[in-house]
Amino acid sequence: MAKKIGVTMDVGNDGVAVITISNPPVNSLASPIIAGLKEKFRDANQRNDVRAIVLTGNNGRFCGGFDINVFQQVHKTGDLSVMPEVSVDLVCNLMEDSRKPLVAAVEGLALGGGLELAMACHARVSAPKAQLGLPELTLGVIPGFGGTQRLPRLVGLAKATDMILLSKSISSEEGQKLGLIDALVPPGELLSTSRKWALDIADGRKPFLRSLHRTDKIGSLSEARAILKNSRQLAKKIAPKMPQHHAVIEVIEEGIVHGGYSGVLKEAEVFRQLVLSDTAKGLVHVFFAQRATSKVPNVTDAGLKPRPIKKVAVIGGGLMGSGIATALLLSNIRVVLKEINPEYLMKGIKTVEGNIKGLVSRGKLTQDKAGKALSLLKGVLDYTEFKDVDMVIEAVIENIQLKQNIFKELEKVCPPHCILASNTSTIDLNVIGEKTNSKDRIVGAHFFSPAHLMTLLEIVRSENTSPQVILDLMAVGKAIKKVPVVVGNCIGFAVNRTFFPYTQAAHMLANLGVDLFRIDSVITSFGLPLGPFQLGDLAGHGIGLAVGPIYAKVYGDRMFRSPLTELLLKSGRNGKINGRGYYIYEKGSKPKPDPSVLSVVEESRKLTNIMPGGKPISVTDKEIVEMILFPVVNEACRVLDEGVVIRASDLDIASVLGMSFPSYRGGIVFWADMIGPKYIYERLKEMSETYGSFFKPSRYLEERATKGMPLSELKSSRSRL
Ligand SMILES: CCCCC/C=C/C(=O)SCCNC(=O)CCNC(=O)[C@H](O)C(C)(C)COP(=O)(O)OP(=O)(O)OC[C@H]1O[C@@H](n2cnc3c(N)ncnc32)[C@H](O)[C@@H]1OP(=O)(O)O
């Protein structure tokens with residue numbers, strides 16, 4: 001059935017016109033909705049039988065904001081004319097300056113343009129637990145319906161800048177305390193109370209308040225300037241590279257200094273500049289990329305329903321196992337944590353307790369919820385408890401034989417419906433399940449460390465994994481607040497495979513004579529939180545050494561064999577885990593570059609002997625970025641070519657959530673397409689001629705570069721999914 005889109009107006013016998021937005025699922029403000037609102041407000045203002053107006057949204061949701069699809073359309077075409085004129089024409093003239101009182105009846109959510117419309121009303125009545133916020137900065141733009149001016153006037157400047165800069169939403173309960181919401185009523189009374197409120201204003205029993213004209217919550221100019229100074233510091237700290245965070249403060253200040261209307265005009269001007277920025281393009285892409293991951297062909301469209309998963313066994317209480325157990329417990333799923341001896345088990349349980357205590361001490365979890373979560377954990381040393389588990393997640397070390405034996409055992413001790421998942425980051429699932437007859441229920445559940453904090457869950461499907469098992473794991477992933485991305489089976493899967501050249505390229509550069517601390521600093525300036533060397537320290541160099549041969553077996557033709565990791569370990573540097581790697585790690589202080597590691601690097605350089613003429617190469621920062629990240633793009637091309645992901649945007653979201661690739665660059669493939677496949681191809685070709693086959697452009701990249709096609713445009717013939 002086609003969804004019903006439009007704006008309706010019903011005028012009651014009491015003289016109240018109820019204007020309702022209908023655009024499922026979130027009543028977003030698409031162009032026909034904005035046109036409809038203009039028409040209905042004009043009509044209501046002109047009709048003699050209308051004394052007051054109530055604005056509301058259909059199906060229990062007020063409004064999720066401006067239609068983000070329009071931003072994407074602007075990004076594709078560069079045509080700003082599709083952006084409607086709203087902030088003055090509709091919001092100021094037809095709504096706020098209307099002579100007839102206007103009340104917003106809010107339920108469910110009022111976000112972005114939705115909250116901005118509500119703030120232009122003369123009062124706001126809300127149902128409990130509605131979500132209120134201005135999240136526009138997460139899309140690379142600023143509020144554009146006057147929100148930068150009205151929110152400070154309703155909740156005070158400090159709270160408003162906090163909400164806007166952090167894109168933090170609040171509940172209607174908090175909104176009432178702050179003065180954003182005038183009355184909180186049960187959903188069943190929302191419309192009747194709003195109608196009455198509007199009539200009370202019309203009859204002078206309640207004040208006729210226009211938010212933009214208010215000054216009572218702004219304070220003096222010097223107080224406002226002090227708050228804005230703090231906001232600038234906050235913006236610099238949380239978003240040094242985001243233009244919208246800095247621009248929004250200028251816009252707010254304009255309104256403080258020259259009045260709200262002047263602020264509204266500046267807001268519209270700045271909005272139009274920002275909407276075309278690369279940051280907005282990247283962030284809007286990420287918004288839709290994330291949502292696209294929930295659509296998996298032949299799984300989510302197969303008419304299946306997820307089965308309930310109430311009890312999960314986690315095998316292995318190390319860092320990953322205890323992190324996974326923590327994530328499950330926090331979502332009220334019973335967990336059996338299995339270890340091989342009491343000492344390891346105790347360590348695992350203590351790690352879970354530490355994870356949960358950490359959340360309490362950071363104010364992210366109440367003591368009550370922490371107690372409830374821990375009460376759902378049971379530590380075990382044998383398989384007795386496995387007889388009624390719905391899912392097992394194996395999280396032991398990356399040892400093929402060990403995993404094969406565990407899965408063989410699991411097949412005997414678990415019920416037939418039980419999902420058998422492995423948290424392997426590298427090993428082929430077919431190999432893991434080789435000794436079983438349960439290949440249809442074997443699946444990869446690849447969490448990223450720390451598993452209770454990182455949001456990506458790579459769901460790895462072999463050609464035998466059943467759609468039902470994929471669907472169940474997707475549902476569990478969502479229940480534990482992860483973003484599940486379904487990928488195909490290969491060594492390293494989508495994320496680790498795409499990024500294996502990241503460390504290798506860094507090693508090559510260091511062996512070519514480039515300072516490793518400079519490499520890390522250039523990469524963090526690009527926007528990744530950690531450079532490749534610090535990331536290696538964090539993961540632990542033992543892991544690097546263990547998985548190296550697994551990669552070498554299949555991708556050996558394009559690997560740079562560096563002795564650096566082995567030399568590091570030989571010199572007692574395991575990474576953060578033992579306080580020493582490329583950096584020195586001391587409790588309570590930031591990692592410090594360790595100058596003494598340079599002798600290890602020198603030794604490696606002697607062994608590889610790749611510096612041209614024995615002299616360090618000279619490279620610019622831009623060249624460092626290209627030499628480290630273009631090989632990653634090259635491998636991403638192979639991942640796309642082999643159909644390891646369903647769509648290119650899945651690899652974007654996986655790179656953002658799994659590798660912390662900067663979201664404002666839209667993910668690895670989106671970033672590459674912004675640069676252009678032709679340029680990347682030509683640069684890699686030059687690099688391969690100078691430094692060898694590690695940089696050799698892939699067939700897919702070459703084809704895209706030659707044909708002038710974006711990397712994101714897939715031909716689905718070779719899909720593994
Ligand atoms: C001159 C122009 C000035 C413009 C000034 C105003 C700017 C804005 O208002 S920008 C938009 C601000 N709003 C937001 O950022 C909200 C974004 N949406 C969300 O945070 C969430 O979707 C949610 C909290 C509203 C609902 O969450 P949930 O129930 O988990 O559902 P989904 O996230 O899966 O979304 C369902 C469905 O709806 C689509 N969608 C959501 N919001 C919008 C939107 N604002 N515009 C267009 N489409 C939206 C979302 O893409 C999903 O679609 P499908 O994947 O096709 O199901």
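Q: Where is S660 found?
A: S660 is found in the loop between α26 (648-659) and α27 (668-675). Helices (H or I, at least four residues) and strands (E, at least two) are DSSP runs, numbered from the N terminus. This is a predicted model, in which local features need pLDDT of at least 70 and side-chain atom pairs count only at pLDDT 80 or more, while totals for chains, interfaces and linings use all residues. Residues are numbered from 1 along each chain as its sequence is written, and side-chain values use heavy atoms, with hydrogens and water left out.

Q: What is the phi of S660?
A: S660 has a positive phi of about 60°, although it is not a glycine.

Q: Is S660 buried or partly exposed?
A: S660 is partly exposed, with a relative accessible area of 27%. Buried means under 20% relative accessible area and exposed means over 50%, with partly exposed in between (1.4 Å probe, protein chains only).

Q: What joins P24 and P25?
A: A cis peptide bond joins P24 and P25, with omega at about 5°. P25 is also found in the loop between β2 and α1.

Q: And the peptide bond from S449 to P450, is that cis or trans?
A: The bond from S449 to P450 is cis, with omega near -5°. P450 sits in the loop between β15 (442-447) and β16 (456-461).

Q: Back to β2: how many of its residues are buried?
A: Strand β2 covers residues 16-22, and seven of its seven residues are buried. V16, V18, T20 and S22 point one way from the strand, whereas A17, I19 and I21 point the other way.

Q: Which way do β1 and β2 run relative to each other, parallel or antiparallel?
A: Strand β1 (residues 6-11) and β2 run antiparallel and are joined by six bridges; two strands pair if DSSP finds at least two bridges between them. G6 stands opposite S22 in β2. The two strands form a hairpin with four residues between them, and G15 in the turn has a positive phi of about 85°.

Q: How does β2 pair with β3?
A: β2 and strand β3 (residues 52-57) pair in the parallel sense over six bridges. T56 in β3 is the bridge partner of T20. Together with helix α1 (residues 31-46), β2 and β3 make a right-handed β-α-β unit. A crossover is right-handed if, with the strands pointing away from the viewer, the path from the first strand over the helix to the second runs clockwise.

Q: What is the strand order in the sheet that contains β7?
A: The order is β5-β7-β8, in an open sheet of three strands with mixed pairing. β5 (109-111) and β8 (170-171) stand at the edges, each with a single partner strand, so one side of each is left without a neighbour in the sheet. Strand β7 (residues 131-133) and β8 run antiparallel and are joined by two bridges; L132 stands opposite I170 in β8.

Q: New topic: how many aromatic pairs are there?
A: The count comes to 18 aromatic pairs. F287 and F288 form a pair that is edge-to-face, at 5.1 Å centre to centre and 85° between the planes. Rings of Phe, Tyr and Trp (its six-membered ring) pair if their centres lie within 6.5 Å; planes under 30 degrees apart count as stacked, over 60 as edge-to-face and the rest as tilted. F287 is partly exposed at 24% relative accessible area, and F288 is partly exposed at 22%.

Q: Which residues do ring pairs link into a cluster?
A: The cluster contains F526, F630, F661, W671 and Y679. R665 lies over the face of F526, at 3.9 Å from the ring centre. A charge sits over a ring if NZ of Lys or CZ of Arg is within 6 Å of the ring centre and within 35 degrees of the ring normal. K338 lies over the face of Y383, at 4.8 Å from the ring centre.

Q: What pLDDT does the protein average?
A: The average pLDDT is 96, and 99% of the residues score at least 70. pLDDT is the predictor's confidence in each residue, from 0 to 100. The predictor gives the complex an ipTM of 0.99 and a pTM of 0.95.
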